[in-house]
Amino acid sequence: MAKNYAAAVDQGTSSTRFMIFDHSGQVLGAHQMAHEQIYPRSGWVEHDPMEIWARTQDVIEGGLASSGVQGDELVSIGVTNQRETSVVWNKDTGEPYYNAMVWQDTRTDRICNALAEDGGQDRFRPKAGLPLATYFSGPKIKWMLDNVEGVRQAAERGDAIFGNIDTWLIWWLTGGPQGGLHVTDVTNASRTMLMNLETLDWDEEILRVMDVPRQMLPEIRPSSDPELYGTTSKDGPVGAAIPVCGDLGDQQAALVGQTCYSPGEAKNTYGTGCFMLLNTGAEIVPSASGLLTTLGYKFGDADAVYALEGSIAITGALVQWLRDNLNFFEFSQHVEDFAQKVDDAGGIYFVPAFSGLFAPYWKSDARGAIVGLTRYVNKYHVARAALEATAYQTREVLDAMEQDSGVKLKALKVDGGMVHNELLMQFQADILGVPVIRPTVSETTALGAAYAAGLAVGFWDDVESLRENWGVDKTWEPKMDAERRKELYKGWKKAVERTFDWVE
């Protein structure tokens, strides 16, 4: 059977999908399934790791069946994942010791505050590029070691192993308890707060301070690895032994899928949260403006590529909240219909600090607020304000990115589920004052993982051949006058300040 396609498992916060791409980067087949969001207490967010693995098997089988592609026609499989979401499981049985702690979970705030007592919130930033925040995996591992019965003892024995969701899925795809590979890539490792950005290895000092046993951590590998992580089992959902050799955290995968391979190129992904990455090349750029210094990708033996990232916790999740918690509408896409019924947000701002504020503030004690309410305001204004919140938060990140990098962005490449919202994209261009560009394949996260895996086996020769696949679907030019833009943004900054220090 001719091997004509590269594939990717895209495991996100709310769903898992399997996508198959041809050599030109076009989608041949896809299948997607949601999984349960578990909220045991206020601020706690969990997923069932076994449900995620079950959904992964289902979508692989469904994607192959719907496309008519046979498993042995795949050249390789890449994995991309919701980052920082942490799993600890038994290496002999595959049973998790606890539910996956999701990146949005804020229960580790006390751990972070205690660690910050010696050295402040930026204690580990010089080595790891990250502030002490509930967002990252390291404090989540510590919480499970300290609070889940038997986990620390099992970790010290070598029985309990850790992974972000990429590691969990690669372990199962390559055999699970029967020899599954316990690996991660540099991008996911850089989100744990435990990896040294210069050495690209686990940092002994941080491990000691966090009290995390090194033996429970996966081996760190390139994002695109010609030596392969392993192969799928013929008895598994693929039905053939296919190389698994690409791994990227979801936002880095979108950077690769958007072909941002030169320093100064940036992309913004609109999903559950919103994440802007700027390629800084081989240079590790410290942030003085509340951004994260992170890995962009590493292809084989080539030098690692670094990035600045602005992470926003709640964007698409705010639309889901209007749908599920307030029953505004039945389907998320209806938010645009609501927002179009009014000319503006009626003077209100909606700051969705449901789990604190991420970039550029890093305030875990902030909470959500709607400000500027009058009796004039109705649900359509609220819907519009929810969409505008995404654009305002992106502007804050872009301002910080330009300040840190010294690079003035000329246009913004966008991807993710929300980029099909025309009203949002136009307002985004208006509030940024630069063009917003949507590519022909907007789901670039899965594409980036497929690119990484395909590069590893020679399906694509180099990044230049990937650039040739990228094309423009639509561009939104800014239409708002500068004075109006300044006035609206000033109101947003004022609204954000109202959310600070809410949790005592």
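**Legends to close-up views of a predicted model**

**View A. The six-stranded sheet.** An open sheet is built from six strands in the order β3-β2-β1-β5-β14-β13, and its pairing is mixed. At its edges stand β3 (27-34) and β13 (230-231), each of which pairs on one side only. Strands (E, at least two residues) and helices (H or I, at least four) are DSSP runs numbered from the N terminus, and two strands count as paired if DSSP finds at least two bridges between them. The model is predicted, so local features need pLDDT of at least 70 and side-chain atom pairs count only at pLDDT 80 or more, while totals for chains, interfaces and linings use all residues. Residues are numbered from 1 along each chain as its sequence is written, and side-chain values use heavy atoms, with hydrogens and water left out. Strand β2 (residues 15-21) runs antiparallel to β3, with seven bridges between them; Phe21 has Val27 of β3 as its bridge partner.

View B. Helix α1 (residues 49-67) lies across β1, β2, β3 and β5 and runs at about 150° to β3. Contact here means heavy atoms within 4.5 Å. Axes are lines fitted to C-alpha atoms, for helices over the stretch in contact, and angles run from 0 to 180 degrees between N-to-C directions.

**View C. Strand β5 and its neighbours.** Strand β5 (residues 74-81) is mostly covered, as eight of its eight residues are buried. Buried stands for under 20% relative accessible area, exposed for over 50%, and partly exposed for values in between (1.4 Å probe, protein chains only). Strand β1 (residues 5-11) pairs with β5 in the parallel sense over seven bridges, and Ala8 has Gly78 of β5 as its bridge partner. Strand β14 (residues 243-249) also runs parallel to β5, joined to it by five bridges. Asn81 stands opposite Gly249 in β14.

**View D. The surroundings of Thr80.** Thr80 lies in strand β5 and is buried, at a relative accessible area of 0%. A polar atom of the Thr80 side chain lies 3.4 Å from the backbone nitrogen of Asp250. A polar contact is a pair of N or O atoms within 3.5 Å; within protein, one must be able to donate a hydrogen and the other to accept it, and residues adjacent in sequence count only if both atoms are side-chain atoms. Leaving aside residues up to four places away in sequence, Thr80 touches residues including Val9, Asp10, Gln11, Leu248, Gly249, Ala253, Thr445 and Ala449.

**View E. The largest pocket.** The largest pocket has a volume of about 960 Å³. Its lining holds 43 residues, of which Ser14, Tyr270, Gly271, Thr272 and Gly417 lie nearest the centre. Elements that give two or more residues to the lining include β1, β2, β3, α9 (250-257), β15 (266-270) and α14. Helix α10 gives the most, with four residues. On a 1 Å grid over the protein atoms alone, a pocket is an open set of points where a 1.4 Å probe fits, with protein on both sides within 12 Å along at least five of seven lines; a cavity is a set from which the probe cannot get out, and lining residues have an atom within 4 Å of a point. Grid points are joined across faces, edges and corners, and a volume is the space filled by probe spheres set on the points.

**View F. The seven-stranded sheet.** Seven strands make up an open sheet of mixed pairing, in the order β17-β18-β16-β15-β21-β22-β23. Because β17 (292-297) and β23 (472-476) each have a single partner strand, one side of each is left without a neighbour in the sheet. From one strand to the next the twist averages 30°. Strands β15 and β21 pair in the parallel sense over three bridges, and Thr269 stands opposite Asp415 in β21. Helix α13 (residues 422-432) packs on the sheet, touching β15, β21, β22 (436-439) and β23, and its direction makes about 55° with that of β23.

**View G. Backbone details in loops.** A cis peptide bond, with omega of about -5°, joins Ala359 and Pro360; Pro360 lies in the loop between β19 (349-351) and β20 (369-371). Leu200, although not a glycine, has a positive phi of about 55°. Leu200 sits in the loop between β10 (195-196) and β11 (201-202) and is buried, at 18% relative accessible area. Asn327 also has a positive phi, near 55°; this residue is in the loop between α10 and α11 and is exposed, at 61%.
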